[in-house]
Amino acid sequence: MENKKFVASDNKNINYMGRIDFENKKKPALIYAGSNLRFKFTGNSLSIAIDNISFRQDIWLGYFLDGKQYTLKICEKDDSIKCEPEKEPRFETTENMIFDIPVENNNDVHTFILYKKMDGTHIFRFNGFYVDNECDIVSQPALPKRKLEFYGDSVCCGAVCQAVDHIGVCDPEGHEGKYDDSWYSFAMITSRLLNAQINNVSQGGMAVLDGTGYCFAPYFPGLESTYTKLQYISYYDKKEWDFSYYTPDVVVIALGQNDNHTDGMPDNDITQISYRVKWKDAYKKILSDLHKKYPKASFILTTTVLRHDVQWDKAIDELISELESDRVYRNYFRRNGDATDGHPRISEQEEMAVELTEFINSLGEEIWAE
């Protein structure tokens, strides 16, 4: 761009948060909902450069400029990209997309946050940004020392949370992602209330066991095969996550909502002893491995206020009792499993975040690393 200064994505004054792919430091890839980057700049002109890899739906990013929130539509739905059982989904990559960000005031220094609004509908790579030639990026405070990690489903991703006229009822028909906003998921709100970093390792439709849930038809990967992944989307190149890169103080796992579903087959019956044991064993195996990876972390198991069968909660209670670990805690929300038939809206997400924050605070300051 003429008469503009380009600031590359590996500039030391850009802060990144989330399980992000830095294999190409000039094009870090934001994959999980809520992953974000932030920087400060001078002047009154800003343009961002990204690559976008789309799998389905219209695609939006979210951003804040000087504290005001905006939405940026970056991709129209492509009907040739399918996510149907027994049909290999396609993806479409658009490189070096330039978006002008309106700068409406004359602040000496502007604060910009760009975040992944949606879950596995797309991946975007941040290439850098442009400012006026005489302007520059400004250093900012380091990220918080406290660290959270969430493993969850669409509720943790903030799916349909902006459908605020559908509180307590089913989702509006044909929403196709336009009401999704990870910023208002209870996972992300909790991180802000606690002043903590967060890796939000969540995906819509996720369940514990492979072959169950609603995630990425026709593959249906579960947490048992995705929690170790940096890139987890079934019809794209998978990558392993290096757990040494980020060590959380508190890990929250919020699953049990989608686990009764197997596509095209009878629902899984958590009341059957053989299946119940299988499900609990898989959950415990994940927990055991994460215990080894994060030897000082506290683990909180929960479900959400979205209506579900109480038997999944009882199975979680049982596996915690069977683990006999003093680092695994159980959280119940006040309206656990009984608040709504649709995805929690912003007010319901805030309700969960406040309650979870209170629960985490009740564990004492010693849960946070010094």
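Colleague: Which residue in β10 stands opposite Ile-48?
Modeller: Phe-129 does. This is a predicted model, and Ile-48 belongs to β5.

Colleague: What makes β5 and β10 paired strands?
Modeller: Pairing needs at least two bridges. β5 and β10 (residues 122-132) are joined by 8 bridges and run antiparallel.

Colleague: Why is strand β5 called largely enclosed?
Modeller: Buried means under 20% relative accessible area. In β5 (residues 46-54), 9 of the 9 residues are buried, so the rest of the structure largely encloses this strand. Leu-46, Ile-48, Ile-50, Asn-52 and Ser-54 point one way; Ser-47, Ala-49, Asp-51 and Ile-53 point the other way; all are buried. In a regular strand, side chains alternate between the two faces of the sheet.

Colleague: What makes β13 and β18 edge strands?
Modeller: The open sheet of 5 strands has the order β13-β12-β16-β17-β18, with parallel pairing. β13 (196-202) and β18 (328-330) each have a single partner strand, so one side of each lacks a neighbour in the sheet. On average, neighbouring strands of this sheet are turned by 20 degrees against each other, direction ignored.

Colleague: How do you know that β12 and β16 pair?
Modeller: At least two bridges are needed. β12 (residues 146-152) and β16 (residues 250-254) are joined by 5 bridges and run parallel, so they pair. Tyr-151 has Ile-253 in β16 as its bridge partner.

Colleague: Which strands does helix α4 lie across?
Modeller: Helix α4 (residues 273-293) lies across β12, β16, β17 (298-302) and β18, at about 155 degrees to β17. Helix α6 (residues 346-362) also touches β12, β16, β17 and β18, with about 145 degrees between its direction and that of β17.

Colleague: How do you know that the span of α4 agrees with its 21 residues?
Modeller: At 1.5 Å a residue, they should span 30 Å; the end C-alpha atoms are 30 Å apart, so the values agree. Its buried residues include Trp-279, Tyr-283 and Leu-287. Among the elements covering the buried residues of α4 are α3 (223-226) and α5 (310-323).

Colleague: What lines the largest cavity?
Modeller: The lining includes Tyr-32, Tyr-151, Val-201, Leu-223 and Tyr-232. β12, β13 and α3 each supply at least two lining residues. This cavity holds about 50 Å³ of space. The structure has 3 cavities of 30 Å³ or more.

How values were computed:
Residues numbered from 1 in each chain as written. Predicted model: local features only at pLDDT ≥ 70, side-chain atom pairs only at ≥ 80, totals over all residues. Heavy atoms only, no water. Helix = DSSP H or I, 4+ residues; strand = E, 2+ residues; numbered from the N terminus. Axes fitted to C-alpha atoms, helices over the stretch in contact; angles between N-to-C directions. Contact = heavy atoms within 4.5 Å. Expected span 1.5 Å × (residues − 1). Buried < 20%, exposed > 50% of the residue type's maximum accessible area, 1.4 Å probe, protein only. 1 Å grid on protein atoms, 1.4 Å probe; cavity = no way out; pocket = protein on both sides within 12 Å on 5 of 7 lines; lining within 4 Å. Points joined across faces, edges and corners; volume = space filled by probe spheres on them.
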